[in-house]
Amino acid sequence: MSKSKKPNTVILSTAITVDGKDVTEVQLRQPKAGELRGLKITEVLQMDVNAMMALLPRITTPTIIDSQISALSPADLTSLASEAVLFFVSPSKLKEIQDNS
């Protein structure tokens with residue numbers, strides 16, 4: 001359950017099956033405003049499970065669907081959600097956070 005060296009990519013601790021293949025890495029891309037339709041940003045920022053189940057299929061490669069998200073370990077879901085939330089932090093604030101780590 002560690003973040004890989006590839007940007008915006010999460011290595012899953014437990015593989016999931018997508019299109020008949022075992023997947024251990026999921027890449028996330030920054031959502032466009034339209035992909036946030038129907039979501040409450042506050043719930044996304046709180047890493048609400050229902051909000052993440054709606055958002056992740058829209059921004060993951062390979063695309064992971066609800067049933068696959070439901071089968072994730074809590075640690076893997078948290079890793080994906082944490083990575084997704086970073087898209088909502090301004091670049092300057094993100095740099096500040098990274099510099100203070």
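1. Glu35 counts as buried because its relative accessibility is 19%, where buried means under 20% relative accessible area, exposed over 50% and partly exposed in between, with a 1.4 Å probe and protein chains only. The model is a predicted one, in which local features need pLDDT of at least 70 and side-chain atom pairs count only at pLDDT 80 or more, while totals for chains, interfaces and linings use all residues. Residues are numbered from 1 along each chain as its sequence is written, and side-chain values use heavy atoms, with hydrogens and water left out.

2. Glu35 sits in the loop between β2 and α1; helices (H or I, at least four residues) and strands (E, at least two) are DSSP runs numbered from the N terminus. With neighbours within four places in sequence set aside, Glu35 is in contact with Arg29, Gln30, Leu55, Arg58 and Ile59, contact being heavy atoms within 4.5 Å. The side chains of Glu35 and Arg29 are joined by a polar contact of 2.4 Å. A polar contact is a pair of N or O atoms within 3.5 Å; within protein, one must be able to donate a hydrogen and the other to accept it, and residues adjacent in sequence count only if both atoms are side-chain atoms. Glu35 and Ala54 are 19 residues apart along the chain, with 9.6 Å between their C-alpha atoms.

3. The sheet is open, has 3 strands in the order β1-β2-β3, and is paired in the antiparallel sense. β1 (9-18) and β3 (60-61) each have a single partner strand and stand at the edges, so one side of each has no neighbour in the sheet. Two strands pair if DSSP finds at least two bridges between them. The antiparallel pairing of β1 with β2 (residues 21-28) runs over 6 bridges, and that of β2 with β3 over 2 bridges.

4. Ile16 has Val23 in β2 as its bridge partner, and Val18 has Lys21 in β2. Gln27 stands opposite Thr61 in β3.

5. α4 (residues 74-85) packs on the sheet, where this helix touches β1 and β2, and its direction makes about 130 degrees with that of β1. Axes are lines fitted to C-alpha atoms, for helices over the stretch in contact, and angles run from 0 to 180 degrees between N-to-C directions. The 12 residues of α4 reach 16 Å from first C-alpha to last, close to the 16 Å expected at 1.5 Å a residue; the expected span is 1.5 Å times one less than the number of residues.

6. The buried residues of α4 are Asp76, Leu77, Ser79, Leu80, Ala81, Glu83, Ala84 and Val85. These buried residues pack against β1, β2, α1 (41-45), α2 (49-59) and α3 (66-70).

7. The axes of α2 and α4 come within 11 Å and cross at roughly 70 degrees. The two helices, α2 and α4, are therefore roughly perpendicular to each other; angles under 35 degrees count as roughly parallel, over 145 as roughly antiparallel, 65 to 115 as roughly perpendicular and the rest as oblique. From α2, Val49, Met52, Leu55, Leu56 and Ile59 meet Leu77, Leu80, Ala81, Ala84 and Val85 of α4.

8. Two strand residues can be checked one by one. Thr60, in β3, is buried, with a relative accessible area of 4%. A polar atom of the Thr60 side chain lies 2.9 Å from the backbone oxygen of Leu56. Beyond neighbours within four places in sequence, Thr60 is in contact with Val26, Gln27 and Leu28.

9. Some backbone values deserve a look. Most residues other than glycine have a negative phi, and most peptide bonds are trans. Asn8, in the segment before β1, has a positive phi of about 60 degrees and counts as partly exposed at 28% relative accessibility. Asp19 belongs to the turn of the β1-β2 hairpin, which has 2 residues between its strands; the phi of Asp19 is near 50 degrees, and Asp19 is exposed at 73% relative accessibility. The peptide bond from Thr61 to Pro62 is cis, with omega near -5 degrees, and Pro62 lies in the loop between β3 and α3.
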